[in-house]
Amino acid sequence: MMSRNLSMRAKVFLKPLVLFQIIDAYDRRPKGDNQVMGTLLGRNKEDHIEITNCFTVPHKEHSENKRIDLDMTYASEVLELNMFAYPNERVLGWFCTGKSVSRSASLIHDYYVRECGERQPLHLLVDASLKNQRLSTRLYCAVEMGVPGGTKGLMFSLVPLEISSENSDLLAMRCIEKQSQQQASKQMERFAPELVQVVDATRDIQQRLDLLLRYINDVLARKKKPDNVVGRSLQAALTAVPLLDSEKFRLMFNTNLRDMLMAITLSTMIKTQLEISEKLSCMQDQ
């Protein structure tokens, strides 16, 4: 007999920040630990689930019986602190690094069943070994199996997972990608200032618009066969953008640009003031 939890139709979206947090925890894991695990946090919507945050939970591995004990006191305290900072997030399950589901996953599942309440806990498995230079990410949901009135067990079934990125996430990932493409012998440069990023983003949008206009002109000139899917996507994109004339758009862009320059100036002044105060405090100590 299978549980109804298998008929989980809600889509699950994963924020890239969660993967970076897991990779960072894996790189900083204590000496002797083969894996890291922790709690997944996020939001439950009507039609989808968003995994937006996570934190690691210390654990102890028992090699003789392949059992793992979680520090539940630490997990409860960190969860309470996280609720103060992000009151909209709830426990969605747990994550673990490795190539396959651990034998002790059923015991950990029982703990997160109590933490998740009515929702079935999710299990995110991340292979941080970067085999074939790829980060393998899989999402599971426990399914109850067994004979009625007899022995029952759990089977972890795969659940579709999509990585969701907002505009801020895409901008940060592009900066990271640009830095990672530099030669290994070359010293890593500092991230480009905000104004340079605006110029790069504007240039990228201009290139995309040129490509789009080229496609539209080719379709109108009957050099290319029109595609209904592309046409619907273009219509949805155009209707989503508010209609503004060039003068209003220029005024809005210049206003936002001035606000950004003012924020950069103030942050630079505060940074300089802090550095001066630090040097003065060091001089007084001497």
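This is a predicted model: local features need pLDDT of at least 70, side-chain atom pairs count only at pLDDT 80 or more; totals for chains, interfaces and linings use all residues.
User: Does threonine 39 count as buried or exposed?
Analyst: Its relative accessibility is 3%. Residues are numbered from 1 along each chain as its sequence is written, and side-chain values use heavy atoms, leaving out hydrogens and water. Buried means under 20% relative accessible area, exposed over 50% and partly exposed in between (1.4 Å probe, protein chains only), so threonine 39 counts as buried.

User: Which side chain does the side chain of threonine 39 make a polar contact with?
Analyst: Threonine 39 sits in strand E2, residues 37-44; strands (E, at least two residues) and helices (H or I, at least four) are DSSP runs numbered from the N terminus. A polar contact is a pair of N or O atoms within 3.5 Å; within protein, one must be able to donate a hydrogen and the other to accept it, and residues adjacent in sequence count only if both atoms are side-chain atoms. At 2.8 Å, the partner of threonine 39 is the side chain of tyrosine 112.

User: Which helix gives the most to the lining of the largest cavity?
Analyst: On a 1 Å grid over the protein atoms alone, a cavity is a set of points where a 1.4 Å probe fits but cannot get out; a pocket is an open set with protein on both sides within 12 Å along at least five of seven lines, and lining residues have an atom within 4 Å of a point. The whole structure holds 1 cavity of 30 Å³ or more, and Thr39 and Tyr112 are among the residues that line the largest cavity. Helix H2 (72-85) and helix H3 (105-116) each supply at least two lining residues. The top contributor, with 3 residues, is H3.

User: How many polar residues does the lining of the second largest pocket have?
Analyst: The second largest pocket has a volume of about 440 Å³. Of the 21 residues lining it, those closest to its centre are Asn34, Gln35, Glu61, Ile68 and Ser102. By class there are 6 nonpolar and 6 charged residues, and the polar count is 9.

User: Which residues make up the covered face of strand E5?
Analyst: Strand E4 (residues 59-62) runs antiparallel to E5 and is joined to it by 4 bridges, where two strands pair if DSSP finds at least two bridges between them. One of the bridge partners is aspartate 69, facing lysine 60. In a regular strand, side chains alternate between the two faces of the sheet. In E5, the uncovered face has Arg67 and Asp69, and the covered one has Ile68 and Leu70.

User: How many residues of H6 are buried?
Analyst: The 13 residues of H6 should span 18 Å, and the end C-alpha atoms are 18 Å apart, which agrees; the expected span is 1.5 Å times one less than the number of residues. Aspartate 227 caps the N-terminal end of H6, with a side-chain oxygen 3.0 Å from the backbone nitrogen of valine 229. H6 is hardly covered, and its buried count is 0.

User: What is phi of arginine 222 near?
Analyst: Arginine 222 is in the loop between H5 and H6, and is exposed at 78% relative accessible area. Most residues other than glycine have a negative phi. For arginine 222 phi is positive, near 60 degrees.

User: Which residue's side chain is joined to arginine 28 by a polar contact?
Analyst: Arginine 28 lies in the loop between H1 and E2 and is exposed, with a relative accessible area of 64%. At 2.8 Å, its side-chain partner is aspartate 24.

Terms used. Grid points are joined across faces, edges and corners, and a volume is the space filled by probe spheres set on the points. Ala, Val, Leu, Ile, Met, Phe, Trp, Tyr, Cys and Pro count as nonpolar, Asp, Glu, Lys and Arg as charged, and the others, Gly among them, as polar.
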